[in-house]
Structures are given as C-alpha cells and as structure tokens.
Amino acid sequence: WLHDLLDGASDVAEGVRASAYNAIGVLALPQGDLDGSEKYHNLALDSYKTLGDDRGTSAALHNLGMVASDRGDLDLARERYQQALEMARNLGDRARVAASLMNIGCVAYDSQQYADARVPIEESLAIQRELRNRWYVGKALALLGEIAIHLEDYEDAKAYLGECLPIFIGLSDTDGATLALLHLGIAAAKTGNEPTAVQLFSVVDRVRVGVERGIHPAIQETSRIAKQELARHLGWEEYQRLESMGRTLDLRQAWLLAS
C-alpha cells in the first residue's frame, strides 16, 4: 500500500512522502530486508532534512542505527544513535532520548563492553520511569540484569531482574518474563540457591521449548554449564525431582519462587 501511494501519485506532499519512506523502512527491517530498510530510511532522512524537520531527521538517524546494528556494523550504529541522541536532546524529545540511550547501551553490550553499557541504559531507565513506559522500564531493567550477570554482580542482577519480572508478567510478555527467569536461575546457581536455580531453569525450558532466539550465546553457555554443575552437585535423582517440581510452576509461581 505504501509503495502504491508513492508510485501512483506525483503530488504526494513531501511530509507524507517522508513518513511513507520511514514506514517502509520500519516494515522492511524485521523481514530481514536490510538493503530495503536502509534505502528507505535514507530517503526519509533526505526528505526530513529538505523539510527542516529535526524530529523526523532524528528518527531516521535512529532507524539507520538499527539497520547498521543488524548488519553488525557497531561503529556506524553507535555514530547514528549518537547523532539521533544529540538532536533529540536539542528538541527536548525525552522518549527519543531514552530510545537512543538504550540502543547506545545495546551497542556497547554487543561489543562486550558491559561496564560501559550500564551508564546509558541506567539513564534511559530513569527517563522511562518518568514517562511511565512500563515495557521499556522492564526492558531496561532486564538488560541491566543481564549485564550484571556478565559482570558476575549477582546481587545487582537479582535486584534488577526481580523488578522487571512482574512487569513482563503483568504485560503478558512471556518472552521477556522467561528470559528474566533464565538470568535469575543463573544468579541463583551462582549464589548457592541450587534448588531454586533448577526449578527456574525447568520453567524456562518448558515455556521456551526449543527456542533459543533472544538468548545471548554467552548466557546460553553459562546456563548450560550451570545445569551440568547443579546435576553433578545435587545428584541426578535430586536434580530430576527439582526439575519435575519446576515443570508444574506457572510464571507467577516462578516469580514468587525467585523472590
């Protein structure tokens, strides 16, 4: 429909054209069409600049950062997010500032610069709390929890993840909730709460059966090793008993167990 709009009319207002370019770019990215997404976000960027629309320009730069990140070009992604952030700050656009900070933190995370990733994500979290954007608050808390796991700061991890888990459950975000439980399982295993760790891993395995999408490879490996160590330390029979108990828990019960 958007292509039809652009192809079928020569008198489309430039602002509408820019919005259509942006929308096509947004729709192309999750379909894996990185070339198409980049092409249309660049067209949107040119249109927004022609219009003198700084808000649109900031959005286009941010979206081009997402394309670069998906390509694995983290330096370019960081540069585009930083440009978007500076424009958003000048505009007083708090939501865009928070989004850009979050993605700058994600680039640092993907570069394995975990301590550096904390700072922009914490700033993003503070803004999202002000804006009362519950899902984004949960997302920021979950990222901070995962970063704390990488840094072996398990008490901080439990605090962040314990706060984000009820948010995701309340929003029926099963993916977010199970990832939080996985990280809480790792934290429990690393801090000596072995029965809880086994049951939390069991809940995650049941709900996410066969799904590794969204789990950082290092976290996958950490959880795999943790399960092996738990089985060896507890003994196979006790491990299986606890695993069976975990399979009976729903997400809310798992949250209470992890609390």
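**From the surface to the core**

Mentor: Trp-135, Tyr-136 and Leu-171 together make a nonpolar surface patch of about 290 Å². A patch consists of residues with over 30% relative accessible area and no salt bridge, where like charges are joined within 9 Å and nonpolar side chains (Val, Leu, Ile, Met, Phe, Trp, Tyr) within 5 Å.

The model is predicted, so local features need pLDDT of at least 70 and side-chain atom pairs count only at pLDDT 80 or more, whereas totals for chains, interfaces and linings use all residues. Residues are numbered from 1 along each chain as its sequence is written, and side-chain values use heavy atoms, with hydrogens and water left out.

Tyr-136 counts as partly exposed because its relative accessibility is 43%. That class lies between buried, under 20% relative accessible area, and exposed, over 50% (1.4 Å probe, protein chains only).

Charged side chains come next. Side chains of opposite charge can pair when their charged atoms come close. A salt bridge here is a side-chain nitrogen of Lys or Arg within 4 Å of a carboxyl oxygen of Asp or Glu, and the count by this rule is 16.

One of these salt bridges joins Glu-123 to Arg-89, with 3.1 Å from N to O. This pair connects distant parts of the chain, as Glu-123 sits in helix α7 (residues 114-131) and Arg-89 in helix α5 (residues 74-91), 34 residues apart. Glu-123 is partly exposed because its relative accessibility is 32%, and Arg-89 is partly exposed because its relative accessible area is 41%.

Another salt bridge pairs Arg-129 with Glu-163, whose closest N and O atoms are 2.8 Å apart. Arg-129, at 39% relative accessibility, is partly exposed, and so is Glu-163, at 33%.

A further salt bridge, between Arg-241 and Glu-238, has an N to O distance of 2.8 Å. Both residues belong to helix α13 (residues 236-247), three residues apart, or about one turn of the helix. Arg-241 is partly exposed at 43% relative accessible area, and Glu-238 is partly exposed at 27% relative accessibility. Elsewhere, salt bridges with shared partners join Asp-35, Glu-38, Arg-71 and Arg-80 into one network.

Arg-55 is in helix α4 (residues 54-71). Its relative accessibility of 45% is why Arg-55 counts as partly exposed. Apart from neighbours within four places in sequence, Arg-55 is in contact (heavy atoms within 4.5 Å) with Leu-91 and Asp-93. The C-alpha atoms of Arg-55 and Glu-130 are separated by 21 Å, the two residues being 75 apart along the chain.

The interior now deserves attention. In soluble globular proteins, nonpolar side chains tend to be buried together. A nonpolar core is a set of buried Ala, Val, Leu, Ile, Met, Phe, Trp, Tyr and Cys residues joined through side-chain atoms within 4.5 Å. The largest such core has 50 residues, and those with the most contacts inside it are Ile-121, Leu-141, Ile-149, Cys-164, Leu-165, Leu-181 and Phe-201. Leu-165, leaving out residues up to four places away in sequence, touches Ala-177, Ala-180, Leu-181, Leu-184 and Trp-255. A second, separate core of 13 residues includes Ala-18, Ala-20, Tyr-48 and Ala-60.

Ser-202, in helix α11 (residues 194-207), is buried because its relative accessibility is 2%. Beyond residues up to four places away in sequence, Ser-202 touches Glu-243, Gly-246 and Arg-247.

Aromatic rings complete the picture. Rings of Phe, Tyr and Trp (its six-membered ring) pair if their centres lie within 6.5 Å; planes under 30 degrees apart count as stacked, over 60 as edge-to-face and the rest as tilted. A search of the whole structure finds four aromatic pairs. Among them, Tyr-109 and Tyr-114 are edge-to-face because their planes stand at 70 degrees, with ring centres 5.4 Å apart. Both Tyr-109 and Tyr-114 are buried. Trp-236 and Tyr-239 form a stacked pair, 5.6 Å centre to centre with 15 degrees between the planes. These two residues lie in helix α13, three residues apart, about one turn of the helix, and Tyr-239 is buried at 5% relative accessibility.

Methods
Helix = DSSP H or I, 4+ residues; strand = E, 2+ residues; numbered from the N terminus. Areas by Shrake-Rupley, 256 points an atom, 1.4 Å probe, with all protein chains shown as cover.
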